[in-house]
Structure formats: structure tokens, C-alpha cells
Amino acid sequence: MKSRRQFLQMGAAATAVAALLPSRLRSQAVAESHDNASAGPSGLFDLHNHWISPGAFEILSTKTVGVRYVTNQNGERNLVRPGAPASGQGPRPNGPRGTQMFDGAETRISHLDKHGVQRQLISWPTTSNVDPDLTAEEARLLWAAYNDDLSGLVQKNPSRFTGVAALSTLDIEWSARELARAHDRLGLIGGVLPVNGFATLEGARAFAPVFEVAQKFKSHIYLHTGYANARIPGQPPRPVHGDSKPARSALDNLWNFTAATITFAFSGFLDAYPDVTVQVAQLGGVGGIALVAESVQQSAAANGITDIRGKFKNIYLDTGAGGRGPEAIALAARVIGADRILFGTDYGAAASVVPVIENVEHSPLTPEDRKRIFSENARTLLASKGVAV
Amino acid sequence: MATTRRRFIKLAGIAAAAGTLLPKRTFAEPDSSPPSGPDPLVLVDWHSHVITPGEISYLSGRTKAPRIYKDDQGRSVLENLTTVSAAGGRPSVTSASDIEIRVKHLDKNRVQRQLLSYTVALGYDATLPIEELRPFYRTLNDDMAATLMKYPGRFLGVAAVPTTDPAWAAEELARAHQDLGLIGVALPLNAFATVESARTQARLFETAQKFGSHIFVHRAPASTQLPGQPPLIVPTDLGAVRWSVISNTHLVNGAITLGLSDFLDPYPDVTVQVIMLGGFFPYLIDSIIASGPRLNIKDPLARLRRIYLEPGPYSSSNGEWVALAAQKFGADRILFGTDYGVGGGTSQDRLAPSVASLNKALTPSQRQLIYVDNSRALLKARGIT
């Protein structure tokens, strides 16, 4: 009980800190620079990137049990989860991987300006699998604080940032209300949810209350790496690999995104929510979904599905993280259509937007399709959500 | 029985020699029309299945699935069980394969031979007890040998062996080489789901190394007694599509075990063929190669290229994927295959649509390798020259 009280107490303090955040960010935003130091493309819309807000970090740092942040003596931030190795996040000059998960507006905008990125759609990194380990009470506190922070960041930098709200996968009714708050009061355009919650139609249906609100607000729902709370049925098993783990993990990732994209494209789940747009990260597990889509097309006579692309009418796939290679992008464009692909960099988890820019540039696409992916698709999508672009 | 072996090799040699006399075919333009003329376009279709009379007879004697019984229309139907690899589904009409029509299809499409295997995907290894599998598989292998004898120069064969009893499997492999004129074994993919699982087959691979066997790895469940098997995930919606994802995922895991791990190191003379391009493998190959340093593997691609990929049904349905595999993995490690003969009876001609699709998707040099050169090299390594 002591730790729980401490958590809530500190959470409240962190929320207070978050309330002060806009003024700090405002000063950073003054430094907004539109200098384009990059010789590459400009006016890019990056719809896959992440940020861990100060308020969310503070709340997770106050926890003494379960999933939490622990800062070591070198000032490095580690996400700790019982039964799993610590995951380092944040800049690490001597570490295995540098990230920009905790950057502020100034650092981020400077980087975006340098590489021609006009706007980002920011989300919580569900990859960290924080949500499935939280109690409902913890989740409500954490995500409300994060969404407040994100709103502050967006509102102070309206020409550069848009956001989707973090939601609980345990308290779905609260998530529905929080999504409404995100639209009504926070200026966000939708929510982010972990992709594994949608591995089956049964799992997707558990989120119906959220999608009902999403339909009302014409939300943009972003599906990103990670597990939902264990109460969501039909999720992929958590694999334990005894050999070749890095290689087999890439396959796990493909499976997870393919399974969810199948749910959205072919199960009819989205039929009740025609005004909701869905964005699936990692090109929707494009290797998997492309093979599936082509096979479905081949069997059109048997299954009656003659318009594969029509099945992706409200579904977007983004180029962030796995599946971002040039061939993967071209494959997605060929099978699903270039108008369904969004540029996303995984910035935050990745320290730079440059690798994915280069992949899109090197992808065998027509200039028109490349322009669609870099900016035009996102511009149309965001405009439909009321974002001034 | 040694006579059979000698005769096989002699006949194979004659056929291969004929192959060397073939004029070099040029592929100036994509050509989707059915081939015609006397010269082989394709040396070997490395992926086909037969249902033998002995198989029908044996399964008809069983009273529970997997079994064959007469339905209310008097047709023989196969009732199967759900495994980690496939849904049992509704009983399907089945009968012994019509080899005569198969030979006509080969002739029509200028395909010199087919590699015959039992229908591994039916999952017998996971659903029949080992006491039944030994005599059952022996029957299938004898039947296959009889087909090879009856149609010299038109077929190659791989034996059925159980994953539950690698010692007996090794003996049967030796018999397959020495007495039956077969060139190796067909194994269910999930025996290679993990390195731990693969190592249970070491005894079989030692014998395979001795004979320079060809291992045909087909998607299917292995014995449930093997360690490191994938979990049973039965889709609750969109079954056909989700089973496809399961299957293609299992295939990648098998390709990783066989290609990336050190399992095959002690067996350099064994050739391994993974069907259906290893599932999602062509798409994931860059990620798998990128994992090499973390696995202390210097040249992951070179290691992976120890195996052969073969498209099977993707030849006709997903030619672009074969092209991707050729680009990423190398056309010199891809074998022509069609998945001909599923279900037995009088099969559809899967050869023509496969050739048509690949003619569109592949470059002339890739086709030369996949249709002809790779098979020639592989057969030569088997002593079939």
C-alpha cells in the first residue's frame, strides 16, 4: 500500500509538473527554425514517431514495483519490467542504441527542420508494453497525464505537431471517454492502441466502445507494436526463443502486424465505423499482408473478393520501423496502393528520421507515388481530421 | 534389390545425358503460352505429391481419423485431424494418384521429371502412432519405388520417414537409397521449428550425409513428442487466411533453423529443399541477415544459401514473390516446383500455370537457373549425371 500511495502521490505531483510544461515548451518553440539544412526532400509528414513526456516519465519513475523507469547512476533511463531485462531509452553515447524518446520541442524541431520534415503525428511508444502491466487506476492516471502533456506540446507547436492519445487496454470504457476528451478538449485527432489487441476479430470487438466514440469523432486510430492487457482475447502468444532470437523476433513482428491488418481489411470489423481511419505501423506487416492479399486476389472466384484495394479503403500502412526497407515500401505500393502508405520514421525510438527518408527515396516508386507517401497522403488524411495543413 | 538401384542410376544417367544435349533455350521475351515441342523446358518439378494405392488401403482400414471412408455418395473421403499446421476441415474426396495423366501433363509442358513425395501436409507424423507409422511409411515408399520403376526417367522420389523414431528413419533412408532408388526423404517442416527440435533428427541426418541425400522439407506438423514445437493456434475468424499466415510463419522458422543455425554444419553433402520459398522468408531475409552480427554469424546470407528454396504453389499464384526470392536469395538457390498432385486422383495441370506465371515474373537468366541449371547441378551431386 505504501508504494501505491507513493505512486499516486507522485503521479499527482507529476501531473502538476505537466501543467507547467507548456510554458517551458513555449520557450523551446520560439526556437522553431525552418532552416532546411538537408539537400533531400522537404515538406515531409512523419506520421510514425514517439515521445515520452516528462509527466509520463515522472509517474513511471515513482513506481517501485511492476513496470517502471529506473534511472541509473550515469543518468541513463531504463524501463524495468519484472521478468524481463531492462530496456535502455534516451541518448546513450556509449550505449547500444541512442534514442530521442524524451526530447523536447526544441531538439525535435531542430532535427525535423534539418531534414525537411514539416509535421509529425506523435504517439506514445506502445512497443514498451507499459500498458498491459498497469492496473486500471495506474493506466488512467498515466495516460491522462501523458495526453495532457502531448496536448500541450501540440498546442504550442500547432504548425509542427499533431497527436493521438494514449489509451488503456484494460479499462476500455474509460478509454472511450478519454478519446472523447482527446478530441473535445485536447486537440488530438485519435488514439494509439497496441496492434496485438487486434490479432483476431474477437480481440478487436473488445475495443468496440472506443471505436464507437471514434466513429462519432471520425478519429484516426493508430495501431503500433505491442500487447494489450491480457484480458483482451486472441492475442499472439509471447514467444520464448531458445535460438536465433533476433531472426525469429523479426518474424514475430511480421506475424503480429499481418494478423491485425487481416482483421481490419477482411473481417468486416470496420464496417460499423466508416468514418474511422486506421493506420497500421510497420507497413502492416507488408510481407505477410501482401502475400495474403495476393492469395486472396487469386482466389477471388471462391471468396468473392475482387477488389483487394477496396478492402484497404480506410486503412493506411506506414513506413516506420520494421518493414521500412525500399523493397517493402514498393511491395506495399504495388499490392495495396501508394495512396494507402504514409511516411513514418519511428523517430524517438530511432535517433534520426534520415534512414527512412533514404529508404523512401531509394524505393523503386514513381515520383508521384513518392510524393504521395512523403506528404500528400498525410496532408489529405490530416485535413480530413480538421488539421490545418 | 541392388539391381533396382543400379537400374535407377543407369536410367537417371541416360535421362540426364539427354538433358545435356538439349539446345540452350533463350528467353528473349516473357512467354506465358504453353510450351510445345520435344525439348524439356524444365528438368525437374521438385514439388509434387502422390497418393498411393497402399495409402488408400491403409487409411481405409482405420476407424478414426486420419482415415478414409465412403461417404453417402459412395465416394472415398479422407477425414483428417486439426494440428498446429492445418485445420482438419471437412472430409475431402481422395483416391490414388493417376500417374498416366501426370506423365501426359509432364509431356505437354515439357517437364522432364517430377520429384514425388507423399502428401506431407496431411500431418500423419503428428496424428498416427509410431507403431503404425513404420509399416505405413514403408508401404508408401515401396509404392513410390514401384512408380519409379514403371516410369523410368520420369520421376524421382523421396521417402516417408517418421520424426518420432530417427533411428528407424535412418534405416529406412538407407533402404530408400540402396533398394528403392529414392534420393532422400520428405520431412515435416516443424521438425525444424527450432534448433532443439532439429537436433532430435541428428541420427537421420548422419545417414543422409553418408548417402548425400536430398531432404524435402514440407510444411506439416512433426511428432508432438518433439521439443520446441509451435503452439496450437486455431483461428476463430477468417480461418483460411489466418492458417496461411500460420503456415508461412512456420516455414520461416524452419528456414531459419536449417539455413542460419549450425545444425547443417556436420552434413555438408546433404541438400535441403524448403518449400513455398520458406513462406515469408524472401521478405524477411534482409532482417534475418541483419541479425547475423548479434548471432555471431559473419556471412548470414552465405549460410542461408546452403538451403534451396522452392516455390510450390507460389509458382502459379505469386510469381512476384519468386522474383523477390531470386533477387534477395539468388536464383541459383531456387528450384522449380508446383505442388502438383494434392488430393490424388486425376490432378489438375499445375505445371502450365506455374510456367506461365514464372515466365512473366523472372528474367531469362533466372529462368535458366531455376528451370534447368540448378536441377542439373543438384542431380549431378546425387550421382545422377
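These legends accompany several close-up views of a predicted model. Residues are numbered from 1 along each chain as its sequence is written, while chains are lettered from A and ligands numbered from 1 in the order in which they are written. Because the model is predicted, local features need pLDDT of at least 70 and side-chain atom pairs count only at pLDDT 80 or more, whereas totals for chains, interfaces and linings use all residues.

**View 1. Chain A as a whole.** Chain A holds 13 helices and 12 strands; helices (H or I, at least four residues) and strands (E, at least two) are DSSP runs, numbered from the N terminus. Of the 389 residues in chain A, 55% are buried. Here a residue is buried if 20 or more other C-beta atoms lie within 10 Å of its own, exposed if 12 or fewer, and partly exposed in between, with C-beta atoms placed from the backbone. Among contacts in chain A with a separation of 6 or more, 80% join residues 24 or more positions apart. Two residues are in contact if their C-beta atoms, placed from the backbone, lie within 7 Å.

**View 2. Where chain B meets chain A.** Here 31 residues of chain B are in contact with 30 residues of chain A. On the chain B side, helices H7 (195-199), H9 (239-260) and H10 (281-290) each give two or more residues. H9(B) gives the most, with 10 residues. By class, this side of chain B has 14 nonpolar, 12 polar and five charged residues. Ala, Val, Leu, Ile, Met, Phe, Trp, Tyr, Cys and Pro count as nonpolar, Asp, Glu, Lys and Arg as charged, and the others, Gly among them, as polar.

View 3. The largest nonpolar core has 223 residues, of which Leu223(A), Ala332(A), Val217(B) and Leu284(B) touch the most other members. Such a core is a set of buried Ala, Val, Leu, Ile, Met, Phe, Trp, Tyr and Cys residues joined through C-beta atoms within 7 Å. Leaving aside neighbours within four places in sequence, Leu284(B) is in contact with Ala250(A), Leu251(A), Leu254(A), Gly287(A) and Val252(B). Gly287(A) sits in helix H9 (residues 286-298) of chain A, and counts as buried because 34 other C-beta atoms lie within 10 Å. Not counting residues up to four places away in sequence, Gly287(A) touches Leu254(A), Ala328(A), Phe280(B), Tyr283(B) and Leu284(B).

View 4. Buried residues of H15(B) include Gln366(B), Ile370(B) and Asn374(B). After the helix comes Gly383(B), with a positive phi near 85°.

View 5. Strands E2 (residues 67-70) and E3 (residues 76-79) of chain B pair in the antiparallel sense over four bridges; two strands pair if DSSP finds at least two bridges between them. Arg67(B) stands opposite Glu79(B) in E3(B). Five residues lie between the two strands of this hairpin, and Gly74(B) in the turn has a positive phi of about 80°.
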